[in-house]
Amino acid sequence: MPHAALSAGVDHAAHRVVPLRHPWIWVASAVVALVALAVLASVATNPAFQWPVVAEYMLDPQILVGLGRTLELTLIAMAIGLVLGTLLAMMRLSPNKLLSTVSWAYIWFFRSVPALVQLIFWYNFGALYPVIALKLPFGPTLFSASTNSLITPMFAALAGLGLAQAAYTAEVIRGGIASVPKGQARAAMALGMQPLTIFRRIVFPQAMRVIIPPVGNEVISMVKSTSLVSVIALAELLYTAQLIYARTYETIPLLIVASLWYLIIVSVLSVGQHFLERRYRAR
Amino acid sequence: MTSPGTEMVKIRGLSKSYAGREVLRGIDLDVAAGSVMCIIGPSGSGKSTLLSCINHLERIDAGQIWVAGELVGYREKNGLMYELPERQISRMRQRVGMVFQQFNLFPHMTALANIMEAPIQVKRVRQADARARGVELLERVGLAAKHAMFPAQLSGGEQQRVAIARALAMDPQLMLFDEPTSALDPELVGEVLAVMKDLARSGMTMVVVTHELAFAREVGDELTFMDAGMVVERGAPRQVLAAPQQRRTQDFLSRVL
Ligand SMILES: Nc1ncnc2c1ncn2[C@@H]1O[C@H](COP(=O)(O)OP(=O)(O)O)[C@@H](O)[C@H]1O
Ligand SMILES: [Mg+2]
């Protein structure tokens with residue numbers, strides 16, 4: 001009889017479930033905790049870290065100016081990336097072959113050459129074109145100036161970071177627009193809406209949901225990418241720290257000061273990113 | 001205004017190809033003002049394409065289409081058809097409502113906002129007026145209580161009823177329905193058909209692509225059977241459904257009945 005137990009008056013509901021035990025997890029956790037403690041203890045007690053020096057420089061005016069520069073670079077480079085990136089995405093999606101090819105070539109070029117190389121290139125632009133002039137083809141010159149007076153380190157930094165960022169942002173925006181089902185634009189067209197209204201009211205708001213989270217990530221990587229600018233002697237956070245330790249030889253504590261500030265900015269941005277993502281994922 | 005009996009839709013010699021493949025071949029069709037034209041036919045026979053040509057969501061390759069006496073999408077001059085600018089085509093589309101198989105509601109707007117959007121953006125209707133009209137239309141499709149819901153929070157049948165209300169908000173003279181109940185669970189089909197029946201009774205001119213033969217029989221004034229991009233047979237729904245004259249109609253009906 002297969003169901004003999006059923007007839008025997010057993011209380012089936014009273015049978016409790018015992019989950020499988022995993023003793024090795026506890027062993028592994030203990031080992032990891034021990035290692036973490038050892039690292040923390042060494043960081044706290046090794047005098048070479050020079051924590052008092054770190055504390056002294058955390059709010060140093062020169063460091064704070066460098067920090068401001070880093071934030072400024074991030075903000076402006078991202079703005080360039082967003083505006084130019086939107087334009088490139090719309091060109092890329094345009095039925096006009098010339099526009100979409102130019103956009104494709106731009107994205108290909110600026111995504112392929114490393115940002116560091118681009119930065120150094122812009123910084124040395126004067127060697128390529130000693131004079132920059134605005135003139136009509138075969139016509140009169142409207143404006144002319146020496147390159148070195150125009151391409152300041154700030155300009156080179158923004159060009160290097162912003163133009164490359166535009167290429168990445170363009171791909172994100174293009175993907176966002178392409179993710180909106182074709183039926184949306186069709187329904188809007190059938191209601192008598194015109195192309196610009198359809199983009200503004202129907203397609204773009206839906207694309208934003210796909211665009212915002214990766215752009216948030218890009219902002220966070222941009223904060224870190226600005227440190228590349230130290231190679232062209234622009235006094236952002238890292239280069240400021242380098243300037244100071246070149247003078248005082250307190251290399252490690254100043255690198256820690258810079259790292260702590262990057263940690264703080266990125267953490268704050270990550271929290272914001274988390275809320276943005278949650279908001280745009282709702283519905 | 002067109003008086004009853006005159007043609008709301010008139011199609012002559014309509015042909016349309018996709019990448020060299022002809023999907024509509026010389027369609028002639030008339031829909032009288034105030035009447036309901038049902039279109040049936042196998043999948044891929046060109047029914048959706050035909051509807052899309054009527055409001056110029058698709059370009060045509062040959063032939064002419066008139067809606068309310070006006071040539072759709074083109075201007076005729078010396079025997080040539082010049083495509084109209086987007087602005088004028090949009091104006092024509094305002095008078096033709098369309099309902100899609102997949103509803104295509106705007107997911108980032110509430111039911112009410114979906115309905116208010118086109119009147120405000122296209123006709124520049126005042127916010128308050130658009131809202132009042134939107135509420136009235138939601139009442140008409142039996143969804144007044146759900147005005148603040150987003151499409152994802154509504155059932156398929158409710159979404160399609162909102163989509164119908166959205167199209168009606170532009171006060172169209174003609175409504176096109178492309179298999180409005182094909183994406184619905186069977187128990188939700190009835191509520192959408194009821195709204196359509198109500199609309200037909202109010203005198204709206206309707207072109208309805210559907211597989212609901214009972215609806216075609218009961219509500220349709222005319223039935224057209226399409227196959228391979230051509231109109232194969234048309235007539236009074238009861239007659240076509242009960243005694244189809246063409247071999248291809250008989251085959252199709254024997255398969256779906
Ligand atoms: N955008 C398009 N591009 C290429 N072929 C298409 C397109 N839309 C429809 N077709 C083709 O045209 C034919 C008719 O399609 P459709 O009008 O959707 O038929 P139905 O609605 O009767 O099922 C089909 O063979 C389909 O594959
Ligand atoms: Mg179809």
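**Where chains A and B meet, and the spaces in the model**

In this predicted model, 26 residues of chain B are in contact with 20 residues of chain A, contact meaning that heavy atoms lie within 4.5 Å. Local features need pLDDT of at least 70 and side-chain atom pairs count only at pLDDT 80 or more, while totals for chains, interfaces and linings use all residues. Residues are numbered from 1 along each chain as its sequence is written, chains are lettered from A in the order in which they are written, and side-chain values use heavy atoms, with hydrogens and water left out.

The area buried between chain B and chain A (the accessible area, for a 1.4 Å probe, that two parts lose on being put together, summed over both) is about 2,000 Å², and carbon and sulfur atoms give 59% of it. On the side of chain B, the residues that lose the most area to chain A are B:Phe106, B:His108 and B:Gln121, which together make up 25% of what that side buries.

Two salt bridges are found across this interface, a salt bridge being a side-chain nitrogen of Lys or Arg within 4 Å of a carboxyl oxygen of Asp or Glu. A:Arg186 forms a salt bridge with B:Glu58, and their closest N and O atoms are 3.3 Å apart. The side of chain B that touches chain A has 13 nonpolar, seven polar and six charged residues, where Ala, Val, Leu, Ile, Met, Phe, Trp, Tyr, Cys and Pro count as nonpolar, Asp, Glu, Lys and Arg as charged, and the others, Gly among them, as polar.

We can now turn to empty space. Rolling a probe the size of a water molecule over the atoms shows where such space is left. On a 1 Å grid over the protein atoms alone, a cavity is a set of points where a 1.4 Å probe fits but cannot get out, whereas a pocket is an open set with protein on both sides within 12 Å along at least five of seven lines, and lining residues have an atom within 4 Å of a point. The largest pocket holds about 720 Å³ of space; 16 residues line this pocket, and the closest to its centre are A:Ile177, A:Ala185, A:Ile198, A:Phe199 and A:Val203. Its lining has twelve nonpolar, one polar and three charged residues.

The largest cavity, with about 30 Å³ of space, is lined by residues from both chains, namely A:Ala187, A:Ala190, A:Leu191, B:Met98, B:Phe100, B:Arg166 and B:Ala167. These lining residues divide into six nonpolar, no polar and one charged.

Methods
Grid points are joined across faces, edges and corners, and a volume is the space filled by probe spheres set on the points.
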